[in-house]
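Subject: A structure for you to explore

Hi there,

Here is the structure I promised to pass on to you. Please open it next to this email and follow along as you read.

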Amino acid sequence: MLRSKRFGALLPEFRVGVRISVDVGMARVGVAKCDSAGILATPIATLARGKNDLGQVAQWVREFSAIEVIVGLPLNMDGSEGKSAKECRRWARRLAKRVDVPIRMFDERMSTVTAHRQLHEAGRAEISHRAVVDQAAAVVILESALQFEKNTGREPGELIERTPHV
């Protein structure tokens, strides 16, 4: 815990460093990153699933010197894991073999719904959402993970066990 210079209150510690977040879908993968202070999350790209998506994300991890990757975990509303959550876990485990930073699964219930709403509120036509909604969902996931860490001082989500590079 840190003490606020201005108010004297105890504040949770926050790790400095770029984070990358990923919204893994069946057809596309949305990717976002934040600045090292964890203030601004910005979209990077939407990748076709299986078209070197893992390699591209691994490249960005190295390029941006990311300290971790947050992968959205699409839990059911009751908190259980369905087919999509299991597939996201498989994708995250495969990424963990390619990078030397922690991979964390973070609850992303409603991130795509929130992303669609934000795009609509920004005046973007529904028809054009498909091209960017996965990126916007990755931003929502990252903002939620950052807020969790800032509020609690704990690393967000569930750590995926790393396996050696293959």
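To start with, does Phe106 count as buried or exposed at its relative accessibility? Phe106 counts as buried, because its relative accessibility is 10%. Here buried means under 20% relative accessible area, exposed means over 50%, and partly exposed is in between, with a 1.4 Å probe and protein chains only.

Before we go on, two notes on how to read the model. This is a predicted model, in which local features need pLDDT of at least 70 and side-chain atom pairs count only at pLDDT 80 or more, while totals for chains, interfaces and linings use all residues. Residues are numbered from 1 along each chain as its sequence is written, and side-chain values use heavy atoms, with hydrogens and water left out.

**The overall layout**

The protein chain has four helices and eight strands. Helices (H or I, at least four residues) and strands (E, at least two) are DSSP runs, numbered from the N terminus. Starting at the N terminus, the order of the elements is β-β-β-β-β-α-β-α-β-α-α-β. The protein chain holds 166 residues, and 44% of them count as buried.

**An aromatic pair**

Back to Phe106, which has a partner. Searching the whole structure turns up one aromatic pair. The ring centres of Phe106 and Phe148 are 6.2 Å apart and the planes are at 65°, so this pair is edge-to-face. For the rule behind that: rings of Phe, Tyr and Trp (its six-membered ring) pair if their centres lie within 6.5 Å, and planes under 30 degrees apart count as stacked, over 60 as edge-to-face and the rest as tilted. Phe106 sits in strand E7 (residues 103-107) and Phe148 in helix H4 (residues 129-152), so the pair ties together parts that are 42 residues apart in sequence. Phe148 has a relative accessible area of 26%, so Phe148 is partly exposed.

Helix H4 is also the place of Ala138. Ala138 counts as buried because its relative accessibility is 0%.

**Salt bridges**

How many salt bridges does a search of the whole structure find? The search finds 13 of them. A salt bridge is a side-chain nitrogen of Lys or Arg within 4 Å of a carboxyl oxygen of Asp or Glu.

Arg15 forms a salt bridge with Glu68, and their closest N and O atoms are 2.8 Å apart. Arg15 lies in the loop between strand E2 (10-11) and strand E3 (19-24) and Glu68 in strand E6, so this pair ties together parts that are 53 residues apart in sequence. Arg15 counts as partly exposed, at 24% relative accessibility, whereas Glu68 is buried, at 1%.

Arg15 also forms a salt bridge with Glu149, with 2.7 Å between the closest N and O atoms. This pair links distant parts of the chain, since Glu149 is in helix H4 and Arg15 in the loop between E2 and E3, 134 residues apart. Glu149 is buried, with a relative accessible area of 2%. Arg15, Glu68 and Glu149 are among the members of a network of salt bridges that also includes Arg19, Arg104 and Glu155.

Elsewhere, Glu87 forms a salt bridge with Arg49, the closest N and O atoms being 2.4 Å apart. Glu87 is in helix H2 (residues 83-96) and Arg49 in the loop between E5 and H1, 38 residues apart. Both Glu87 and Arg49 are buried.

**Two positive phi values**

Most residues other than glycine have a negative phi. Asn52 is not a glycine, yet it has a positive phi of about 60°. Asn52 is found in the loop between strand E5 (41-48) and H1. Ser65, also a residue other than glycine, has a positive phi near 50°. You will find Ser65 in the loop between H1 and strand E6 (68-73). Ser65 is exposed, because its relative accessible area is 57%.

Enjoy exploring, and write back with any questions!

Best wishes
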